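The entries follow the order in which I looked things up.

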Amino acid sequence: MFGKFLKKSRDEEEGRVPPGQVLTEKFPVLTYGPTPSLKPEEVKVSLTGLLEQPLELSWAELMALPQSELTADFHCVTRWSKLDVRWRGVKVLDLMSQVRLEPQASAVLIHCYGGYTTNLTLDDFLRPENLLAHTLFGEPIPRDHGGPLRLIVPHLYAWKSAKWLRGFEFTQGEKLGFWEVNGYHRRGDPWKEERFSEE
Ligand SMILES: Nc1nc2c(c(=O)[nH]1)N[C@H]1C(S)=C(S)[C@@H](COP(=O)(O)O)O[C@H]1N2
Ligand SMILES: [Mo]
């Protein structure tokens with residue numbers, strides 16, 4: 001009976017690991033460039049570009065928005081995946097209820113402290129699970145994992161989950177981000193193995 005239970009859970013897990021990925025229990029750190037050092041009260045999140053009015057939120061203003069939990073799998077394009085990572089923070093949709101986009105807006109370029117950028121279409125950005133996370137497994141996110149604040153976009157490769165989040169620039173058409181300019185796929189769906197650009 002126990003064997004059957006184990007087998008079922010393994011089968012279940014197999015359906016959760018995208019092609020070409022290997023599970024890890026650890027949580028490796030993947031950073032290109034410097035690791036910013038920021039106190040939560042120094043963090044600001046700005047919304048700019050194709051909006052009726054730009055907005056900048058302080059840490060206190062972010063904490064005053066509804067707070068949500070997300071448990072999600074994390075897939076790095078360098079082929080490791082970690083299941084059931086627990087985050088807490090502000091849903092992208094709760095942040096976006098504070099602003100009105102211009103009708104031409106179709107994409108967002110995400111900016112980070114330290115200069116990293118990554119791009120998403122609005123369809124990929126405005127998903128109910130996406131989170132501005134400040135807590136990882138019940139603790140403030142460690143600095144090397146993107147604390148005080150990072151984006152989590154669980155349905156795409158983790159290079160879209162920008163650490164040390166600084167803001168969102170709404171654009172007409174995608175402006176490509178750091179890895180996307182350097183040969184990575186513009187979208188990055190792990191289930192389709194959208195690792196590299198075909199252009
Ligand atoms: N600002 C910033 N965000 C980033 C990165 C980075 O180098 N800088 N690396 C990305 C990549 S490639 C991955 S796999 C994940 C890794 O997150 P982790 O270091 O918490 O595992 O962060 C993503 N977000
Ligand atoms: Mo990655």
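I took a polar contact to be a pair of N or O atoms within 3.5 Å; within protein, one must be able to donate a hydrogen and the other to accept it, and residues adjacent in sequence count only if both atoms are side-chain atoms. On that basis I noted that a polar backbone atom of Leu 30 is 2.9 Å from an oxygen atom of ligand 1. I found a backbone N or O atom of Pro 28 at 2.7 Å from an oxygen atom of ligand 1, and one of Tyr 32 likewise at 2.7 Å from a ligand oxygen. I then looked up the burial of ligand 1: taken alone it exposes 530 Å², of which the protein buries 98% (accessible areas by the Shrake-Rupley method with a 1.4 Å probe; for residues, only the protein chains shown count as cover).

Basis of the entries. The model is predicted, so local features need pLDDT of at least 70 and side-chain atom pairs pLDDT 80 or more, while totals for chains, interfaces and linings use all residues. Residues are numbered from 1 along each chain as its sequence is written, chains are lettered from A and ligands numbered from 1 in the order written, and side-chain values use heavy atoms, without hydrogens and water.

Shell of the ligand. I counted a residue as near if one of its heavy atoms lies within 4 Å. Ligand 1 is surrounded by 20 residues, the closest being Pro 28, Tyr 32, His 145, Arg 150 and Lys 163. This shell divides into 14 nonpolar, three polar and three charged residues (nonpolar: Ala, Val, Leu, Ile, Met, Phe, Trp, Tyr, Cys and Pro; charged: Asp, Glu, Lys and Arg; polar: the others, Gly among them).

Pocket. I used a 1 Å grid over the protein atoms alone: a cavity is a set of points where a 1.4 Å probe fits but cannot get out, a pocket is an open set with protein on both sides within 12 Å along at least five of seven lines, and lining residues have an atom within 4 Å of a point. Ligand 1 takes up the space of the largest pocket (more than half of its atoms within 2 Å of the grid points). The volume of the largest pocket is about 480 Å³ (space filled by probe spheres set on points joined across faces, edges and corners). Its lining has 30 residues, and Leu 30, Thr 31, Tyr 32, Tyr 116 and Trp 179 are the closest to its centre.

Cavity. I found one cavity of 30 Å³ or more, and the largest cavity holds about 50 Å³. Its lining divides into nine nonpolar, two polar and one charged residue.
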